[in-house]
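Please review the structure shown here together with the briefing that accompanies it.

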Amino acid sequence: MIDSIDAADPLGLDAAEMRRLGYWVVDRVIAHFEGLANEPAIQTGTPAELRAALGGPPPEKGSDPLRALETLTDVALANMQHGDHPRNFARVPGPSSFAGVLGEWLGTGFNAIAASWAGGSGPATVELVTLDWLRSLLGLPEGTEGVMTSGGSLANLTALVAARAAGGAGVCYLSGETHASIVRGLPALGFAADQVRVIPADGDMRLPVAALTAAIGEDKTAGRRPAFVVANAGTTNTGAVDPLPEIADLCRAEGLWLHVDGAYGASAALCDAGRRVLRGIERADSLVLDPHKWLFQPYDLGCLLVSRPGVLKRAFHMSPDYLADVTAVNEEVDFRDRSLELTRRGRALKLWLSFRIYGVERLSAAIAHGIALAEHAERVIARDGAWEVVTPAQLGIITFAERGADHEAHLAKTAALAEAGYAVVTTTRVRGRSALRFCTINPRTSAHDVSSVLERLGVALEENGP
Ligand SMILES: *Cc1c(COP(=O)(O)O)cnc(C)c1O
């Protein structure tokens with residue numbers, strides 16, 4: 001074995017071979033983007049067929065790299081929901097853009113790290129700059145700090161850990177429409193049952209300020225300590241935005257930490273239509289958004305902004321002896337001190353590159369397009385008397401139902417679409433009733449795509465009044 005240490009890199013490939021394989025990958029990805037509209041929006045394999053193609057014992061010997069690449073592409077990557085497909089309206093799709101892909105590739109190729117300033121000052125600066133671009137576009141105060149995470153779930157929990165470290169434990173208030181990641185996360189963070197107050201949403205699916213005020217009063221009377229409010233800047237189910245200015249006023253009066261979950265919706269602040277709906281978002285103490293949703297980044301990328309300087313570092317600072325040589329002094333930032341991650345890749349490279357390549361102008365237009373598509377869907381649905389709008393188009397989401405249809409009937413319609421591969425649409429429940437739901441944030445989607453999916457669901461495209 002020892003003699004092999006003088007040999008060439010056992011994992012090395014020569015430059016010509018790396019180019020051959022690398023160009024193959026580039027070509028396949030571009031073919032994917034070019035062919036999207038004609039590919040199925042979703043394909044799901046059976047465990048048996050996927051295992052047969054991808055499984056087996058650990059390969060003892062290496063094999064032809066092109067064959068391996070083909071298998072990965074044609075089997076693994078074909079059997080997915082395609083979040084970038086123009087007729088994927090399910091949940092919150094991930095309509096990633098090519099600029100983001102390029103940034104991801106470069107960072108991966110160079111194995112970019114952003115854990116300490118000393119070990120990655122370039123990627124760290126890219127992250128700091130990108131965070132500050134987002135801060136200013138969302139209107140948060142200068143001095144706001146942040147960190148990029150794997151997604152909204154982790155960003156939300158990171159925010160609540162930091163908020164609690166800053167202000168002490170207490171009761172957290174949320175509406176019944178709050179994302180399940182927070183509902184699941186609070187007990188995992190050690191919140192006791194009586195420290196989680198879920199307030200039923202009002203008829204518009206928003207957090208009712210009067211009920212919130214009353215709950216805070218009750219808790220104080222009972223000797224509990226109100227501490228945090230989680231408000232939604234776009235609920236996942238219906239796109240509803242909680243009354244942020246009123247909630248911010250209440251939080252200020254009561255001395256509560258205002259966390260705003262804008263994982264899918266906050267990016268809409270980049271365009272005029274979204275900014276109007278999101279008024280008050282700039283008053284958050286902490287704010288989450290997911291660039292892998294409405295900022296067109298490949299998975300995964302979440303982002304947390306905290307408007308109180310020093311809070312993240314006080315919550316997450318670590319300084320063991322073995323990191324003493326890579327500990328920042330002065331204004332430099334060690335990103336390991338801003339969340340529970342130590343080793344972390346340069347996550348912001350792709351978003352920085354997207355801003356540089358597209359500019360805010362094109363990103364903003366792409367977001368406005370998604371808002372307009374849901375409004376188009378609403379107009380088409382409202383014209384057909386056999387259908388009804390359940391919640392109006394809000395931040396690119398609309399829910400609707402066929403009059404008299406039960407959940408089974410709605411499910412049968414979405415299953416037929418998925419089976420044909422034509423489109424992905426999901427069912428949901430709104431105030432207990434079954435509904436269909438579109439999330440139309442993909443800039444590749446046309447009004448024609450929206451209309452033709454509605455038509456296949458049975459909505460008449462011509463006027464058909466009640
Ligand atoms: C998607 C979403 C989350 C969770 O984000 P992940 O990136 O999936 O972890 C949290 N809150 C809201 C409002 C979301 O839409």
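The model is predicted. A search of the whole structure finds one cavity of 30 Å³ or more, and a nonpolar patch on the surface is formed by Leu102, Trp105 and Ile357.

- The largest cavity holds about 50 Å³ of space.
- Its lining consists of Gln81, Gly83, Asn88, Ala90, Arg91, Val92, Pro93, Gly94 and Tyr299.
- By class, four of the lining residues are nonpolar, four are polar and one is charged.

**Surface patch**

- Leu102, Trp105 and Ile357 together present about 230 Å² of accessible area.
- Trp105 belongs to helix α4, which spans residues 98-109.
- Trp105 counts as partly exposed because its relative accessibility is 31%.

**Backbone features**

- Most residues other than glycine have a negative phi, and most peptide bonds are trans.
- Tyr299, one of the residues lining the largest cavity, is joined to Asp300 by a cis peptide bond with omega of about -10 degrees.
- Asp300 is placed in the loop between α11 (291-294) and β7 (302-306).
- Met205 has a positive phi, near 70 degrees, and is found in the loop between β3 (196-199) and α8 (209-221).
- With a relative accessible area of 3%, Met205 is buried.
- Arg431, also not a glycine, has a positive phi of about 45 degrees and lies in the loop between β10 (426-430) and β11 (433-439).
- Arg431 counts as exposed, since its relative accessibility is 52%.

Notes
Residues are numbered from 1 along each chain as its sequence is written. This is a predicted model: local features need pLDDT of at least 70, side-chain atom pairs count only at pLDDT 80 or more; totals for chains, interfaces and linings use all residues. Side-chain values use heavy atoms; hydrogens and water are left out. Patches are made of residues with over 30% relative accessible area and no salt bridge: like charges are joined within 9 Å, nonpolar side chains (Val, Leu, Ile, Met, Phe, Trp, Tyr) within 5 Å. Accessible areas come from the Shrake-Rupley method with a 1.4 Å probe; for residues, only the protein chains shown count as cover. A salt bridge is a side-chain nitrogen of Lys or Arg within 4 Å of a carboxyl oxygen of Asp or Glu. Helices (H or I, at least four residues) and strands (E, at least two) are DSSP runs, numbered from the N terminus. Buried means under 20% relative accessible area, exposed over 50%, partly exposed in between (1.4 Å probe, protein chains only). On a 1 Å grid over the protein atoms alone, a cavity is a set of points where a 1.4 Å probe fits but cannot get out, and a pocket is an open set with protein on both sides within 12 Å along at least five of seven lines; lining residues have an atom within 4 Å of a point. Grid points are joined across faces, edges and corners, and a volume is the space filled by probe spheres set on the points. Ala, Val, Leu, Ile, Met, Phe, Trp, Tyr, Cys and Pro count as nonpolar, Asp, Glu, Lys and Arg as charged, and the others, Gly among them, as polar.
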